[in-house]
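Biologist: Could you take a close look at one part of this model for me? I would like to hear about a single residue and its contacts, then about the surroundings.

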Amino acid sequence: MAVLNPELLAILACPVCEERPPLEQCGDYLVCYTCRRAYPIRDDIPALLEEEAIPLDEVNLPPEEEAR
Ligand SMILES: [Zn+2]
């Protein structure tokens, strides 16, 4: 599982949503629950681009994360 600096994670926001909601890390993705997109984390670097986003329903999240 990707490891992100908590301070970096705290300042990251969804690039699609105007309200810039905070992102939650789920495994190797950063998830925006506002627009239900998952941004892949590659080599510990999150790809926060609309073109890279995957619909949340198409991402296999760990079961304990899915239960939110
Ligand atoms: Zn969003």
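Modeller: Happy to! Leaving aside residues up to four places away in sequence, Ala-38 touches Tyr-29, Val-31, Ala-53, Ile-54, Leu-56 and Val-59; two residues are in contact here if their C-beta atoms, placed from the backbone, lie within 7 Å. Please keep in mind that this is a predicted model, in which local features need pLDDT of at least 70, side-chain atom pairs count only at pLDDT 80 or more, and totals for chains, interfaces and linings use all residues. Residues are numbered from 1 along each chain as its sequence is written.

Ala-38 also belongs to the largest nonpolar core, which has twelve residues, among them Tyr-29, Val-31, Ala-53 and Val-59. Such a core is a set of buried Ala, Val, Leu, Ile, Met, Phe, Trp, Tyr and Cys residues joined through C-beta atoms within 7 Å. Buried means that 20 or more other C-beta atoms lie within 10 Å of a residue's own, exposed means 12 or fewer, and partly exposed is in between. At least two residues of this core come from each of β2 (29–32) and β3 (37–42), and β2 supplies the largest share, four residues. Strands (E, at least two residues) are DSSP runs, numbered from the N terminus.

Now to the loops. Arg-36 lies in the one between β2 and β3, and its phi is near 55°, a positive value in a residue other than glycine. Arg-36 counts as exposed because it has 12 C-beta neighbours inside 10 Å. Asp-44 sits in the loop between β3 and β4 (45–46). Phi of Asp-44 is near 65°, again positive in a residue other than glycine, and Asp-44 counts as exposed because it has 11 C-beta neighbours inside 10 Å.
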